[in-house]
Amino acid sequence: MKRAVYKNGEIKIIETQMPTLKGKGAIIKVHGCGLCGSDIVKIREKIENPILGHEVVGEIIEINSDTDFKINDKVALGHHYPCFECEYCKNDSFSMCETFKKTNIEPCGFAEYIYVTEGHLKNTVFKVPENLSDDEISFLEPLACVIRAIERAQIKQGQKALVMGLGSIGNLMAQSAKIYGADVYGYDINEKRQKYSKLSFDKNLKYNIIFMTSGATSAIDDAVKYVLSGGKIIVFSSVKDLNGYTNNDIYYRELSIIGSYSPAPYDYKISYDLLKEGKINTKGMSTTYNLDNLKNAIDDTINNKIMKAFIKI
């Protein structure tokens, strides 16, 4: 089968053996997979042999499971699940769990076939609703991550929220924040993204909550500038250097700087329901590329030519 690899600073599509069932789990024929910002980070940081692709949509072709899934089920899925028993899990920090960090699909999302474990089937796999296309339901995992950030923000009805960075994640964040009761504004230096979002930005306002979905270091200063004293900054992006929020800004202005990384297991169900019920709209957000054109998809993403890439397998 074909799969993508990143070696010696280069993306390649190679032929490799198809994965096999290892005890309980399933083999899934991949229909497509979204390109995540974390995939771009791995490439930019030149991490050798990373697992690329995890926003998978596909069809179960082989299964041994105690779940209700069966052969020919079309599914969307996420790639990590926790142990539910460690100190992190007991304190609702599921993405810090060692099991969470170690679990993954095999070999990667940009492959013709993958193996998922019983743990995946029980926690991160959902049947694709008939009303959603492959690229729309591929947002299951990214939206679950967004829901986690929204929950950590503890939005109160009518609070002003500013989303800084209006890529695909920023747009998901804005839509979700509205559902949770916020009065949402947005800002991006890219005029096309600003227009796509249909959000306004008022530089004369102070905002109760700022969602940092931009990876630009300069956005940190802007976040501190526009957040209302006593407010929250939800950090949902990494930056290239070690610049950050200053102690005295946090102290004297009583700011809450809250990181949000990956979803809790129950966030997948919330994400699934929001997509299925049409409350979150992802139609037209993705640009489709074939697996052989993965490098082009990565380049176009890095150069901000597209909002989001969906790789058709």
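Some terms before I go on. Buried means under 20% relative accessible area, exposed means over 50%, and partly exposed lies in between, with a 1.4 Å probe and protein chains only. Contact means heavy atoms within 4.5 Å. Helices (H or I, at least four residues) and strands (E, at least two) are DSSP runs, numbered from the N terminus.

This is a predicted model: local features need pLDDT of at least 70, side-chain atom pairs count only at pLDDT 80 or more, and totals for chains, interfaces and linings use all residues. Residues are numbered from 1 along each chain as its sequence is written, and side-chain values use heavy atoms, without hydrogens and water.

Back to H7. Which of its residues are buried? They are Ser168, Gly170, Asn171, Leu172, Met173, Ala174, Ser176 and Ala177. After H7 comes Gly181, with a positive phi near 110°.

Now H6, residues 140-153. From first C-alpha to last, this helix of 14 residues reaches 20 Å, close to the 20 Å expected. Here 12 of the 14 residues are buried, so H6 is largely enclosed by the rest of the structure. Among them are Leu140, Pro142, Cys145, Arg148 and Ala153. Gln154 follows H6, and its phi is positive, near 50°.

Take Arg148, in H6. At 7% relative accessibility, Arg148 counts as buried. What does it touch, leaving aside neighbours within four places in sequence? Asp92, Ser93, Ser260, Ser262, Pro263, Ala264, Tyr266 and Asp267.

Gly37 sits in H1 (residues 37-44). Gly37 is partly exposed, at 45% relative accessible area. Gly37 and Pro142 are 105 residues apart in sequence, yet 9.9 Å apart in space, C-alpha to C-alpha.

Next, the backbone exceptions. Most residues other than glycine have a negative phi, and most peptide bonds are trans. The bond from Glu106 to Pro107 is cis, with omega near -5°. Pro107 is in the loop between helix H3 (98-102) and strand E6 (113-117). Lys198 is not a glycine, but its phi is positive, about 60°. Its loop lies between H8 and E10, and at 74% relative accessibility Lys198 counts as exposed. Asn304 also has a positive phi, near 55°. Asn304 lies between helix H12 (294-302) and strand E14 (309-312), in the loop. At 43%, Asn304 is partly exposed.

Last, the whole chain. How many helices and strands does it have? There are 12 helices and 14 strands. The C-alpha atoms fill a box of roughly 55 × 40 × 35 Å along the principal axes. Buried residues make up 52% of the chain. Of the contacts with a separation of 6 or more, 67% join residues 24 or more positions apart.

Technical notes. Expected span 1.5 Å × (residues − 1).
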